[in-house]
2 protein chains.
Amino acid sequence: MTGHFSTIVIGAGSGGMTVAVGLANLGRKVALVEGNHVGGDCTNVGCVPSKTLIHLAKKFRPGMNADEVLQEVVCKRDALRDKETEEVEHLENLNFIRGMAKFTAPKKLSVTHDGFSRELTADNIVIATGAHPRMLDIPGLPKERSLTNESLFDLTNAPKHLVIVGAGIIALEMAFAFQKLGTQVTMFALDSRPLMTAIPEASEAIQAELERRRISTHYTATAQSFDESTRTLTIKKGEQLITLHHVDKVLVAIGRVRNINSLGLEQTGVKTDARLGILVNSFGETNVKGVYAIGDVTPTSAFTHSANAQGRRVVQRIAFPYVPLAKKEPLFPNAMFSDPEIAAVGLTEKQLAEYCHPGIIKRIRVDFKTHTDRGYTDGVENGFIIVDAVRLTGQILRATIVGPRASEMISFFTLAMSQKISLYKIYRLVYPYPTYSSGILKVADFFMRETLPNLGKELAAYLKYRFAKPKM
Amino acid sequence: MTGHFSTIVIGAGSGGMTVAVGLANLGRKVALVEGNHVGGDCTNVGCVPSKTLIHLAKKFRPGMNADEVLQEVVCKRDALRDKETEEVEHLENLNFIRGMAKFTAPKKLSVTHDGFSRELTADNIVIATGAHPRMLDIPGLPKERSLTNESLFDLTNAPKHLVIVGAGIIALEMAFAFQKLGTQVTMFALDSRPLMTAIPEASEAIQAELERRRISTHYTATAQSFDESTRTLTIKKGEQLITLHHVDKVLVAIGRVRNINSLGLEQTGVKTDARLGILVNSFGETNVKGVYAIGDVTPTSAFTHSANAQGRRVVQRIAFPYVPLAKKEPLFPNAMFSDPEIAAVGLTEKQLAEYCHPGIIKRIRVDFKTHTDRGYTDGVENGFIIVDAVRLTGQILRATIVGPRASEMISFFTLAMSQKISLYKIYRLVYPYPTYSSGILKVADFFMRETLPNLGKELAAYLKYRFAKPKM
């Protein structure tokens with residue numbers, strides 16, 4: 001069996017679905033090849049079950065049954081997966097093909113399933129195979145005690161004591177969720193602080209909340225060994241050995257590995273990098289014409305919304321090649337659904353250092369509890385907005401929000417930054433009272449208060465550092 | 001005792017404080033006159049206690065003590081009031097004067113307190129005296145059973161059965177809050193639907209939630225009489241009499257009356273309107289030079305954030321009279337902190353009808369539950385974004401959001417509308433997944449999907465209705 005398509009998409013996760021459904025809706029003949037579940041990580045082992053769990057955990061109170069919560073998570077996840085599978089199987093112009101795809105030439109794939117195989121060809125091939133969790137071998141730890149995000153949401157009994165390895169988004173979101181379900185949670189990580197990708201102030205806030213909720217944390221620590229007879233996990237921090245007792249499960253969340261190896265990319269000439277994955281330009285194009293890559297297999301940020309955004313651009317590129325598309329990729333915000341939430345948009349620490357001299361940056365910090373009435377009425381202990389802006393001009397370089405509704409508030413800054421709307425204009429807006437968003441007005445207020453009375457000084461600093469080499 | 005000031009502000013509520021503190025910080029000699037508590041309605045009997053109550057009610061579970069919640073509300077309110085009073089009493093350049101102010105001439109006030117009186121004069125006088133709740137006389141209802149927002153937050157025992165008269169913001173917020181505390185709540189109102197100021201779809205959503213929470217509602221109904229011996233309230237709906245049994249308290253929330261009458265305005269020539277209050281232009285100026293009015297005494301929307309925004313403009317006008325200020329007032333969003341929240345910004349139904357022909361409006365509706373994954377994971381039954389935009393151009397005329405975080409999401413639309421950012425640009429942004437805000441992307445998506453394939457038709461409609469007279 002063979003077949004030729006306008007576009008073949010490998011991988012039915014968020015990114016792949018965006019491209020396949022998008023092109024099919026535009027009348028293109030599309031094949032979508034998936035070896036596992038439709039929906040990819042997001043629907044099956046990522047955002048959907050994790051956010052359902054986080055939502056239910058928030059409502060959890062002593063006396064309720066944690067196991068039932070886990071079972072409801074599985075139910076909701078399966079229902080959405082079924083719905084998405086149904087949609088994909090019945091969409092006009094879309095051929096859903098189960099199987100593992102492997103390149104045999106730049107535009108040719110061999111797809112195998114249950115011992116059968118078929119050959120597919122296409123004008124365009126989009127690689128959207130995602131990533132899988134990085135594993136960690138802890139001597140003595142039985143397989144059935146070890147979890148990753150891929151097995152976590154099949155749990156139907158809440159562990160009494162859960163050890164989480166890692167301090168990134170998945171680790172932190174699950175630490176807060178399971179703590180609320182009554183599980184004793186211990187975290188340890190090689191990192192020196194939680195959420196290394198965020199600014200240190202955000203890590204501080206989240207660490208304070210971890211401590212308030214009695215989630216034990218050990219940083220710059222590594223796993224040593226596990227003793228099944230006593231269920232004791234030994235970890236090492238510097239020269240010090242720490243033992244964790246009565247461990248039921250160990251969730252490993254130490255990063256992800258791109259699904260590249262079994263693709264037969266060597267048959268295509270597509271360039272990859274051991275650390276960054278499949279190399280693409282801002283349109284998702286690899287170095288081989290007609291071969292695209294999006295989502296977690298690429299160097300772009302590993303979020304569902306990033307994969308979707310990349311997918312949308314690839315759809316436009318393939319369907320309307322002559323319509324100009326913005327050269328630069330859009331701003332990718334990020335969000336962590338811990339408690340408080342953390343969201344950020346704009347330059348990373350490294351990009352900021354490359355982009356401008358520190359002397360030109362004005363940092364504004366507004367704390368919800370002391371600077372907004374809503375933070376006061378809601379008793380927000382750890383929450384703030386931090387904005388780094390260009391002195392004098394008020395152009396926003398990045399924004400970080402820590403607080404109960406950070407993930408919704410960040411889009412305000414995405415819009416402001418994308419449209420180059422300065423803090424002067426943001427100052428003129430009216431924000432409903434009493435909201436967390438009125439903290440945005442305070443940011444603009446503080447900027448004005450520091451700038452307007454010192455215009456001469458600010459102008460001088462601006463002129464001095466505007467074209468100064470960044471201190472690298 | 002007499003005294004002359006650069007500016008006298010009458011009323012230490014949100015608006016008055018903004019002006020008094022703002023001008024004092026700029027070095028002006030200011031008097032702030034207040035006959036009651038510092039903080040005005042917002043701090044004492046409005047947003048602050050109500051939002052504290054709403055927040056605590058959300059966390060309330062069977063087995064907890066509702067009376068303790070009410071006592072915590074009082075505590076938090078009093079602490080903030082004390083802090084604000086302290087600030088006002090010790091701010092440089094600010095003279096805080098307790099007493100009731102009455103005009104004796106356009107720039108002259110007589111202030112009385114405890115039988116003493118003094119005369120004050122000023123270059124500018126700002127009237128910020130707010131409003132008080134409209135009362136309702138229900139025959140047979142003892143005074144001690146009758147509440148308004150002014151007495152509600154002094155309650156230290158949660159009523160078993162609370163009847164709420166009215167279906168506006170205060171009525172609805174308190175209905176949801178007390179229902180969560182375990183109180184049986186019955187609402188009745190003259191209005192034909194809840195939240196008459198919102199679009200009908202928002203009323204529908206809130207009505208569905210009221211019913212889901214078993215809050216009884218009776219619309220187009222009036223109070224008839226109360227029988228204290230049986231604690232029975234009789235209300236009338238058309239020809240039908242309805243009896244409400246075992247009523248503990250009746251909260252009257254049927255609107256507000258502006259505090260104008262005892263001001264001696266007849267001594268100033270300041271123009272007022274029986275329905276609209278003190279008439280002002282967009283700078284808060286009355287027809288008498290040097291006399292300003294802001295907040296609830298004016299026709300502008302009766303929100304704390306509106307009073308603040310007006311106050312900021314008055315500060316600029318008084319302190320920097322030669323700096324040009326935008327002629328138009330900023331957009332005033334509004335928000336209701338019910339469950340779900342409702343927030344809106346942009347033209348009202350009436351303004352929309354005056355502004356343009358209905359043929360040029362494209363309405364986009366995105367339901368959280370069916371169109372966003374977050375609505376799915378969080379099980380949002382009643383929630384949506386409705387945007388009315390100009391056909392073809394995608395210019396946003398108004399936005400209404402009903403949902404768990406509506407009050408924070410609305411500022412995105414305030415920014416977009418203020419800066420005339422169309423749905424085409426909003427379409428290009430990336431929104432964190434899975435958030436309610438990704439519903440904003442869906443709005444833009446739906447607009448594009450309806451517009452791009454029908455460009456000819458949309459262009460024709462645009463040209464036909466662009467300059468068409470509105471159908472009034």
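1. The loop between helix H13 (423–427) and helix H14 (438–451) of chain B is where B:Pro434 is found, helices (H or I, at least four residues) and strands (E, at least two) being DSSP runs numbered from the N terminus. The bond that joins B:Tyr433 to B:Pro434 is a cis peptide bond, with omega about -10°. In chain A, the peptide bond from A:Asp339 to A:Pro340 is cis, with omega near 10°, and A:Pro340 sits in the loop between S20 and strand S21 (341–346) of chain A. As background to this point and to the next, most residues other than glycine have a negative phi, and most peptide bonds are trans.

2. A:Asp114, which is not a glycine, has a positive phi near 55° and lies in the loop between strand S5 (108–113) and strand S6 (116–127) of chain A. A:Asp114 counts as exposed because it has 7 C-beta neighbours inside 10 Å; here a residue is buried if 20 or more other C-beta atoms lie within 10 Å of its own, exposed if 12 or fewer, and partly exposed in between, with C-beta atoms placed from the backbone. B:His246, also not a glycine, has a positive phi of about 50°, and its place is the loop between strand S14 (240–244) and strand S15 (249–252) of chain B. With 11 C-beta neighbours inside 10 Å, B:His246 counts as exposed.

3. A word on the basis of these remarks: this is a predicted model, in which local features need pLDDT of at least 70 and side-chain atom pairs count only at pLDDT 80 or more, while totals for chains, interfaces and linings use all residues. Residues are numbered from 1 along each chain as its sequence is written, and chains are lettered from A and ligands numbered from 1 in the order in which they are written. Chain A averages a pLDDT (the predictor's confidence in each residue, from 0 to 100) of 94, and 99% of the residues score at least 70. For the complex, the predictor gives an ipTM of 0.93 and a pTM of 0.93.

4. Chain A holds 15 helices and 24 strands. Its radius of gyration, taken over C-alpha atoms, is 24 Å, close to the 23 Å that the globule rule (2.2 Å times the number of residues to the power 0.38) gives for 472 residues, so chain A is as compact as a globular protein of that length. Along the principal axes, the C-alpha atoms of chain A fill a box of roughly 75 × 65 × 45 Å, and 50% of the 472 residues count as buried.

5. The domain bounds, which come from an automatic or database domain assignment, divide chain A into domain 1 (2–132 + 257–319), domain 2 (143–254) and domain 3 (340–466). The centres of domain 1 and domain 3 of chain A, taken over C-alpha atoms, are separated by 36 Å.

6. Two residues are in contact if their C-beta atoms, placed from the backbone, lie within 7 Å, and by this rule 50 residues of chain A are in contact with 50 residues of chain B. The elements that give two or more residues to this side of chain A are helix H3 (47–58), helix H4 (66–89), helix H8 (304–319), strand S20 (334–336), helix H11 (373–377) and helix H12 (406–418). The largest share, 10 residues, comes from H12(A).

7. Lastly, A:Thr272 lies in strand S17 (residues 272–273) of chain A and counts as buried, with 20 C-beta neighbours inside 10 Å. Leaving aside neighbours within four places in sequence, A:Thr272 is in contact with A:Ile260, A:Leu265, A:Gly277, A:Ile278 and A:Leu279.
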